Amino acid sequence: MTVLALLHRSLTAMFLVGALAFVMPAQAALEIDISGGTESGVPIAVVPFDQSGDVDDMARIIGDDLARSGLFAPIARDAMPGRPASPDQLRIDDWRAGKARYLVLGQVEPDGDRLRTRFYLIDVSSGERLAGSQITAGASADRSVAHRISDIVYEELTGERGAFSTRLAYVTERGSPEDRTYTLQIADSDGADPRTVLQSPYPIMSPSWSPDGGRLAYVSFEGNRSAIWVQDLSTGERYQLTDFPGINGAPAWSPRGDKIAVTLSKDGNPDIYVIDLDTRRSTQWTRSGAIETEPSWYPDNRTLAFTSDRFGQPQIFRKAGPDDRARRLTFDAPYAAGPRVSPDGERLALVVRDDRGFYVAEQALEDGERTLLSRDGGEERPSYAPNGAMVVYAAQSGSGSVLKISPAIGGEPQTLSYDRGKVRDPVWGPFND
């Protein structure tokens, strides 16, 4: 769907009247479908943990996490020469004859109403223990512990911080056109353990995380008009940030959390404005007479990438302040939209179009080199993981839609399926500091 179509949908849709519900019980989880894998990644064996009782398969969660990054290729369980749970059970020579370069071993033990998890990361060639620790947490935190182990393994082997303990926000739609329900949800980075932030008969769009992970800004059409809201995730309390005539859309929280960039048409034309959250003063950043939307902040907290059709078709531009000249970033694509600047400020995730459809791509900001990350031709709304290693986006799937996560280096995506309707507008949350 083009950016112009999204704006048209925002202005012309007819909506049902009904009550809103806040911080609802969890909805159906996204189901992870690992189609293929990344065989070019580093071979790693995540051995099934020694565990019992009502505990998720922690080794499976860790393996799926590492595969999702595109940097690791987990070994199939039937190819493992043993099931050691600790270094003293390990027969290292048996593993040296196989493909795995690293091993992850572990055991989970109940400790009253808590779980005590021990894990070890082993270098197969040297037999050296690279990492390992004991993590004690509540009995219901088994998935969180598994994601934490994935982060430790990832950082030890790559030198970069893992992002598996972070969260996704997204919007779901279900029901008939006459009786449709929209939900704004947050979930683990693999789509598990969802929690509903807002449920409404009115469309919800464009969630954006605050940099501390404690709040979401989003667009809601309650009252049959668009408005931007900010909601606290711990209390459910929220306030209306904008309610101007016309379009109120595309909120983007600044890296320091002091500003939100938005698209407003209060003066007749859809333009980019930046709202200071302390003073609530809005500053107009664009005045080209074209449609300007989808702002995304650079890490410097003062530069924006955005979509504009000032030359006819949507293209991506950057601007380092309201008085700066807009500089075009995309040239060799007939259509480029939906920019998301990478956390390091060196790359751009975007949507490009050719005669086959819409694709998610990544472009280097220094030289403009572009790589396709998706392949089916019906993708939109990319968002980077906070470490920049993965990109989540929405994709058409039959009459519905799914979320997909692709390694930023390229490779086979993992699909997060939602079997109760459509899922869209994904955005990756910050690190949980």
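Residues are numbered from 1 along each chain as its sequence is written. In this predicted model, local features need pLDDT of at least 70 and side-chain atom pairs count only at pLDDT 80 or more, while totals for chains, interfaces and linings use all residues; side-chain values use heavy atoms, without hydrogens and water.

**Exercise 1.** Determine how R96 and D93 are placed in the secondary structure and how their side chains interact.

*Solution.* 
Step 1. Both residues belong to helix α3 (residues 92-96) and stand three residues apart, about one turn of the helix. Helices (H or I, at least four residues) and strands (E, at least two) are DSSP runs, numbered from the N terminus.
Step 2. An α-helix has 3.6 residues a turn, so residues three or four places apart point the same way.
Step 3. The side chains of R96 and D93 form a salt bridge with an N to O distance of 3.1 Å. The term denotes a side-chain nitrogen of Lys or Arg within 4 Å of a carboxyl oxygen of Asp or Glu.
Step 4. R96 is partly exposed at 38% relative accessible area, whereas D93 is exposed at 55%. Buried means under 20% relative accessible area, exposed over 50%, and partly exposed in between (1.4 Å probe, protein chains only).

**Exercise 2.** Classify R424 and D425 as buried or exposed, and identify the network to which they belong.

*Solution.* 
Step 1. R424 has a relative accessible area of 7% and is therefore buried; D425, at 4%, is buried.
Step 2. The side chains of R424 and D425 meet in a salt bridge of 3.1 Å, N to O.
Step 3. A network of salt bridges links E173, R180, R381, R424 and D425.
Step 4. The structure as a whole holds 25 salt bridges. Another of these joins D324 and R327, with the closest N and O atoms 2.9 Å apart; D324 is partly exposed at 21%, and R327 is partly exposed at 31%.

**Exercise 3.** Describe the surroundings of S206.

*Solution.* 
Step 1. S206 belongs to strand β11 (residues 204-209).
Step 2. Its relative accessibility is 7%, so S206 counts as buried.
Step 3. Leaving aside residues up to four places away in sequence, S206 touches A217, Y218, V219, A250, P251, R381 and D425. Contact means heavy atoms within 4.5 Å.
Step 4. Among these contacts, R381 and D425 are members of the salt-bridge network of Exercise 2.

**Exercise 4.** Explain why helix α2 is described as largely enclosed, and state what follows the helix.

*Solution.* 
Step 1. Helix α2 spans residues 58-68, and ten of its eleven residues are buried, so the rest of the structure largely encloses the helix.
Step 2. G70 follows α2 and has a positive phi, near 80 degrees.
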